[in-house]
Amino acid sequence: MYDELFRSLRAELMTSPKLTVDPSDEEIRSAITGIVTAAHRENYMPIAERTRISRELFYSVRRLDILQDLVDDPEVVEIMVNGPDRIFVEKAGVLQRLPRGFSSPEKLDDVIQQIVGRCNRVINERSPIVDARLTDGSRVNAVISPAALNGPILTIRRFPKEPITMDKLVRLGSITEEAACFLEDLIRAGYSSVISGGTSAGKTTFLNALSNYIPKNERIITIEDNAELQLQGIDNLVRLEAKMSNMEGNTEITIRDLIRSSLRMRPDRIIVGEVRGGEAADMLQAFNTGHEGSSCSIHANSCYDAISRLETMVIMALPIPIAAIRRQIASGVDLLIHLSRLRDGRRRVLEIAEVDGMGRDEVEIHSLFKWDDREEELKKTGELVNTLRLERLRKIRGS
């Protein structure tokens with residue numbers, strides 16, 4: 001009944017003579033008030049229902065329709081739209097289906113076009129896939145026909161307005177205080193790190209938290225597909241974002257382009273939000289050319305898998321022997337940190353490992369901290385072997 005009333009009032013609103021060609025928010029709200037008041041006179045509506053339908057009518061015209069309340073809800077971390085009438089949200093670690101849907105596939109398409117347009121991107125039949133972000137930093141992926149078979153698909157990954165610190169991750173149980181203090185010393189000392197994990201494992205959040213340990217007097221360059229990192233307290237910070245080519249003929253700017261350019265910007269550390277392809281080769285060059293303490297994240301199922309993924313991605317970019325690639329990894333990467341999202345929605349650090357170098361023609365690693373399934377705890381399992389930079393840091397602190 002409510003949905004039928006909403007569709008009827010929205011159709012009336014869209015043909016209202018009160019609206020100009022490019023109406024202001026005030027004009028839209030005035031027209032909505034008139035339409036809802038008239039509907040109330042014909043069929044009584046409680047004030048709460050009038051307020052709700054007025055808000056949703058405004059959102060349907062000016063904002064993100066039924067998604068606006070979800071975007072405004074700080075407890076919603078992910079919104080998944082699988083066509084106009086199948087909407088799922090993740091809230092407090094639980095995935096649930098929204099009882100409502102869009103009034104039509106066209107309305108969902110309008111919302112996608114609105115989001116994409118604000119980001120200066122284009123989505124159409126020739127280019128049916130777009131990655132973008134909202135003004136609040138939320139990550140957006142949209143897929144339309146002909147790639148999407150059951151209607152337009154929209155996924156919104158939201159991030160907290162205030163960056164999550166390592167102290168908060170300790171309180172949430174994502175990492176132990178002992179492991180957090182250990183990482184603090186290593187990041188300050190300039191150990192390079194690769195953060196691995198599956199989709200929605202919390203890699204970006206953890207990379208943000210880890211960056212708080214970077215000395216504030218260093219020059220940091222961040223490189224991302226979509227700017228999501230929220231580094232705090234660093235004055236000498238350069239943020240770079242890749243750009244796709246568009247209809248106006250603007251040239252594509254890739255992650256690889258940005259990494260190469262950043263090497264000429266005199267960085268102390270380079271942080272790449274996520275390595276997905278051939279840019280792994282350029283990232284390894286940064287790791288091996290004096291940029292100690294650089295970091296990146298990568299999709300992988302374990303620390304060992306992260307090594308294999310790096311090898312594969314470098315081969316995609318450079319036709320060089322696998323032995324040479326492994327030597328680059330062994331000499332450039334110091335730490336591997338693997339995260340996972342458990343079945344109950346909790347996100348945990350499952351392993352922290354050190355790269356030992358080459359052995360038997362392969363990159364060797366050993367665990368420093370590892371998740372114990374039986375006791376559900378991250379336990380210390382080994383000692384750091386490469387202690388030279390850590391000892392140097394301790395000498396500086398002691399002097």
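Trainee: Are helix 10 and helix 11 roughly parallel or roughly perpendicular to each other?

Mentor: This is a predicted model. In it, the axes of helix 10 (residues 279-287) and helix 11 come within 6 Å and cross at roughly 105 degrees. An angle of 65 to 115 degrees falls in one class, so helix 10 and helix 11 are roughly perpendicular.

Trainee: Which residues of helix 11 make the contact with helix 10?

Mentor: On the helix 10 side the contact uses Ala 280, Ala 281 and Leu 284. By class, the residues of this contact are seven nonpolar, no polar and no charged. From helix 11 come Leu 310, Met 313, Val 314 and Ala 317.

Trainee: Are helix 11 and helix 12 roughly antiparallel or oblique to each other?

Mentor: The axes of helix 11 (residues 303-317) and helix 12 (residues 322-332) come within 10 Å, with a crossing angle of roughly 125 degrees. The roughly perpendicular class ends at 115 degrees and the roughly antiparallel class needs over 145. The crossing is right-handed. The pair is therefore oblique.

Trainee: How many charged residues does the contact of helix 11 with helix 12 have?

Mentor: Helix 11 brings Ile 307, Leu 310, Glu 311, Val 314 and Ile 315, which meet Ile 322, Ile 325, Arg 326 and Ile 329 of helix 12. Glu and Arg count as charged. The contact has seven nonpolar and no polar residues, and the number of charged residues is two.

Trainee: Is Arg 266 buried or exposed?

Mentor: Arg 266 sits in the loop between helix 9 (255-262) and strand 10 (269-275). Its phi is near 55 degrees, positive in a residue other than glycine. The exposed class requires over 50% relative accessible area; because Arg 266 has 58% relative accessibility, it counts as exposed.

Trainee: What is the relative accessible area of Asp 361?

Mentor: Asp 361 lies in the loop between strand 13 and strand 14. Asp 361 is another residue other than glycine with a positive phi, near 65 degrees. Asp 361 is exposed, at a relative accessible area of 63%.

Trainee: Where is Pro 146 found?

Mentor: The peptide bond leading from Ser 145 into Pro 146 is cis, with omega near 10 degrees. Pro 146 falls in the loop between strand 5 (139-143) and strand 6 (153-157).

Trainee: How much of the protein chain do buried residues make up?

Mentor: The chain has 13 helices and 15 strands, and its C-alpha trace spans about 80 × 50 × 40 Å along the principal axes. Among contacts with a separation of 6 or more, 54% join residues 24 or more positions apart. Of the 399 residues, the buried share is 50%.

Key:
Residues are numbered from 1 along each chain as its sequence is written. This is a predicted model: local features need pLDDT of at least 70, side-chain atom pairs count only at pLDDT 80 or more; totals for chains, interfaces and linings use all residues. Side-chain values use heavy atoms; hydrogens and water are left out. Axes are lines fitted to C-alpha atoms, for helices over the stretch in contact, and angles run from 0 to 180 degrees between N-to-C directions. Helices (H or I, at least four residues) and strands (E, at least two) are DSSP runs, numbered from the N terminus. Angles under 35 degrees count as roughly parallel, over 145 as roughly antiparallel, 65 to 115 as roughly perpendicular and the rest as oblique. A crossing is left-handed if the near helix is turned anticlockwise from the far one by less than a right angle, and right-handed if clockwise. Contact means heavy atoms within 4.5 Å. Buried means under 20% relative accessible area, exposed over 50%, partly exposed in between (1.4 Å probe, protein chains only).
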